[in-house]
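Please open the model in a viewer and keep the selection tool at hand.

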Amino acid sequence: MHGGPFNLQTCTRAIAMAASASFLIIRCFCLVLVVALLASGASAQLSSTFYDTSCPNALSTIRSAVNAAVAQENRMGASLLRLHFHDCFVQGCDASVLLNDTNGGEQNALPNAGSLRGFGVIDNIKAQVEALCPQTVSCADILAVAARDSVVALGGPSWTVPLGRRDSTNSSAALANSDLPPPQFNLSQLITAFGNKNLDPTDLVALSGAHTIGQAQCLNFRAHITEPNINPTFAASLRANCPATGGDTNLAPLDVTTPNTFDNAYYTNLLNQRGLLHSDQELFNNASTDSTVRNFASNAAAFTTAFTTAMIKMGNLQPLTGTQGQIRRNCWRVNSS
C-alpha cells in the first residue's frame, strides 16, 4: 500500500480485495477507519468549549449584557428566549430570524411581525463581542447563549450551551409561517409541529414552560377568553384589557402568578384553567399531555431537567458548522463580498 494516503478510498479497494487471508489485517483496520469516519460525520460538531481559545471572554460579555438588559426591563428576558426559539424552528439555529430582510424575510412572517423583540440587545452584544474578537462569534451562538442567560437572570436554571454554530445567508417568511406553531393550534397540531423538529411531547410541554415569563398580545388570546376550558374569573379579568374588538396589541402576562420569575407556576395555572393562550391550555385539556403537566406542576426539579434537556435538543436543530454559512459582522445583514 504505497504511493498515497491510507484513506477511505484506499480502504474501499482493500476491503474488496480482502477475500484472501493476506489482506485480513488491512480489512480489519479499514473497517475500523470507515466506522470512525462515519461516526465523526454523524456526530454534532458543536462544543461547549468552542470559543475557549478564539474568544475566551465571549460568554462573560454576553452574560453581562443580558443581565443589564433584563435588569432594565424584565420582559426582555422572555423576548430574548423567544428569539432563540423562533430562530431554531425555522431552517435551524442559524440566526436567520435576525436578518433585516424586507423582501420576504422571517421578521415579516405572521408569527413574528410586530411581536419579536430584543434585536437591539443582540446588536449591542454583537458589537461588544466583535470589539473583542472580530468575526469569530456567530450571531446564532449569541442567540443561544443569550436565551440561557435570560432564563438564569429571571431565576431559572442554567445549562451548558453547545457552541460553534454559523450564520445563514438567507431568511424565509414562508418557512416561518409554516413551521412556527401559532397560538390557535390544538394538541395534535402542536405535537406534530414539534415532532417535525425531532422534539417529543415531553419536550413540547417543557419548552412551553418558557411561558412562565413574558407577555402576549390580546390578538393572540382573545378567542380563548370565550372558550369553555378557561377559568371564568380569569376570563373576566382578561376581558377588561382585551375587548371583543380593538386593543389588539394590549398585553397580558403569560403567567399571571409570577410573571417575571422563571418557575413552574405556568403548569399550576394550567391545572386551574388559567392558561393565557389556547395552545397553552391544550396541554392540559383531558388529553395525552395532562400527566406531564401534573408532574411539572408538582415537581419543579422535573420541569427544570426536562426544560434544559429540551433547550439543548432545540439548540442542536440543523446548525450550520465548519465552512457552512458565515460569521456575520452585523447580525442584521449578510456580510458583503
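Begin by selecting C139 and C331, which a disulfide joins with an S to S distance of 2.2 Å. The coordinates belong to a predicted model. The two cysteines sit in distant parts of the chain, 192 residues apart: C139 belongs to helix α6, and C331 to the segment after α15. Viewed along the S-S bond, the link of C139 and C331 is left-handed, at -100 degrees. Are these two cysteines buried or exposed? C139 counts as buried because its relative accessibility is 0%, and C331 likewise counts as buried, at 1%; the cut-off for buried is under 20%.

Next, select C55 and C133. Their sulfur atoms lie 2.0 Å apart and form a disulfide. The torsion about this S-S bond is 85 degrees, and the link of C55 and C133 is right-handed. C55 is found in the loop between α2 (24-42) and α3 (58-72), and C133 in the loop between α5 (119-132) and α6 (139-153), so the bond ties together parts that are 78 residues apart in sequence. With a relative accessibility of 2%, C55 counts as buried; C133, at 9%, counts as buried too.

Move on to C88 and C93. This pair also forms a disulfide, with 2.0 Å between the sulfur atoms. The link of C88 and C93 is right-handed, with 115 degrees about the S-S bond. C88 is buried, with a relative accessible area of 1%, and C93 is buried at 0%.

Now display every cysteine bridge together. How many disulfides does the structure hold? There are 4. Counting the bonded cysteines along the chain, the pattern is 1-4, 2-3, 5-8, 6-7.

Rolling a probe the size of a water molecule over the atoms shows where empty space is left. The structure holds 1 cavity of 30 Å³ or more, and the largest cavity contains about 50 Å³ of space. To show its lining, select H84, A144, W159, V161, P162, R165, M311, I312 and G315. Which helix gives the most to this lining? Helix α15 (residues 300-315) does, with 3 residues. By residue class, the lining of the largest cavity divides into 6 nonpolar, 2 polar and 1 charged. Colouring the selection by class will display this division of 6, 2 and 1 in the viewer.

Terms used:
Residues are numbered from 1 along each chain as its sequence is written. This is a predicted model: local features need pLDDT of at least 70, side-chain atom pairs count only at pLDDT 80 or more; totals for chains, interfaces and linings use all residues. Side-chain values use heavy atoms; hydrogens and water are left out. On a 1 Å grid over the protein atoms alone, a cavity is a set of points where a 1.4 Å probe fits but cannot get out, and a pocket is an open set with protein on both sides within 12 Å along at least five of seven lines; lining residues have an atom within 4 Å of a point. Grid points are joined across faces, edges and corners, and a volume is the space filled by probe spheres set on the points. Helices (H or I, at least four residues) and strands (E, at least two) are DSSP runs, numbered from the N terminus. Ala, Val, Leu, Ile, Met, Phe, Trp, Tyr, Cys and Pro count as nonpolar, Asp, Glu, Lys and Arg as charged, and the others, Gly among them, as polar. A disulfide is a pair of cysteine sulfur atoms within 2.5 Å. Buried means under 20% relative accessible area, exposed over 50%, partly exposed in between (1.4 Å probe, protein chains only).
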